[in-house]
Amino acid sequence: ANYEKRKGHEFALQIMKYLNNIDSNIKLLIFGDDSNYENLIYKNKITYLISKFNLENNVILNSFTNNVDNILSQTEIIISTSQEYESFGYSILEGMSCGIPSVVTNVGGLPEVTKDNYNGFVIKNYDYKDFAKKILILINDKSIYSKFSTNSFNRFKSNFSVNKMINSYINIIESWLIVYV
């Protein structure tokens, strides 16, 4: 991901501020590309807000990494707080491949990946209280967490695995060939 306003980092901090009043042990790891000037400026704004909201012990900003497997092995819930547009939500898929439930906004393609009340929760963008409450459900209700975890992995396998995606692309290409030949 990138440190960009559309990704909803400020919204994520509102969620964490709300959660911190309920359970100060919840942590949020944010990863993103900060290699260009605009992204770095925005990351600095997020750093300022973390301090302003007293979340230094709860929110950890990281640069982009390719070491996704190590991160996912330590992740219980994956979130996407995008507010303006999100084409697909690749990080959600990465989590699903490991059976990690998600909480996402109803922006762009995110609801295509996360099915509400099946492998996670889909929340109206800007509703930080509802977003936080759904995170708490996944933390506190092990039965729902387990069900969503299983559903995440199964949904990934049946809809988004490499073989499934290759076959989907082949079908698209074949349909184009039929139309244009």
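How much space lies in the largest pocket? The volume there is about 1,200 Å³. This is a predicted model, in which local features need pLDDT of at least 70 and side-chain atom pairs count only at pLDDT 80 or more, while totals for chains, interfaces and linings use all residues. Residues are numbered from 1 along each chain as its sequence is written, and side-chain values use heavy atoms, with hydrogens and water left out.

**View 1. Lining of the largest pocket.** A pocket is an open set of points on a 1 Å grid over the protein atoms alone, where a 1.4 Å probe fits, with protein on both sides within 12 Å along at least five of seven lines; lining residues have an atom within 4 Å of a point. Of the 40 lining residues, Leu 29, Ile 30, Phe 31, Ile 78 and Ile 79 are the closest to the centre. Two or more residues each come from H1, strand S1 (28-32), helix H3 (68-72), strand S3 (78-80), helix H4 (90-96) and H6; H1 gives the most, with 5 residues. Helices (H or I, at least four residues) and strands (E, at least two) are DSSP runs, numbered from the N terminus.

**View 2. The second largest pocket.** Its volume is about 170 Å³. The lining consists of Lys 5, Gly 8, Glu 10, Phe 11, Gln 14, Tyr 42, Gln 83, Glu 84 and Tyr 126. H1 again gives the most, here with 3 residues.

**View 3. Helix H1 (residues 9-20) against helix H6 (residues 128-140).** The two axes, lines fitted to C-alpha atoms over the stretch in contact, come within 9 Å and cross at roughly 60 degrees. H1 is therefore oblique to H6, a class for angles that are not under 35 degrees (roughly parallel), over 145 (roughly antiparallel) or 65 to 115 (roughly perpendicular). Angles run from 0 to 180 degrees between N-to-C directions. Contact (heavy atoms within 4.5 Å) is made by Phe 11, Gln 14, Ile 15, Tyr 18 and Leu 19 of H1 with H6 residues including Tyr 128, Phe 131 and Leu 136.

**View 4. H1 against helix H2 (residues 37-52).** These helices pack at an angle of about 15 degrees, with their axes 10 Å apart, and are therefore roughly parallel to each other. His 9, Glu 10 and Leu 13 of H1 meet Tyr 42, Lys 45, Ile 46, Leu 49 and Ile 50 of H2 in this contact.

Definitions and conventions:
Grid points are joined across faces, edges and corners, and a volume is the space filled by probe spheres set on the points.
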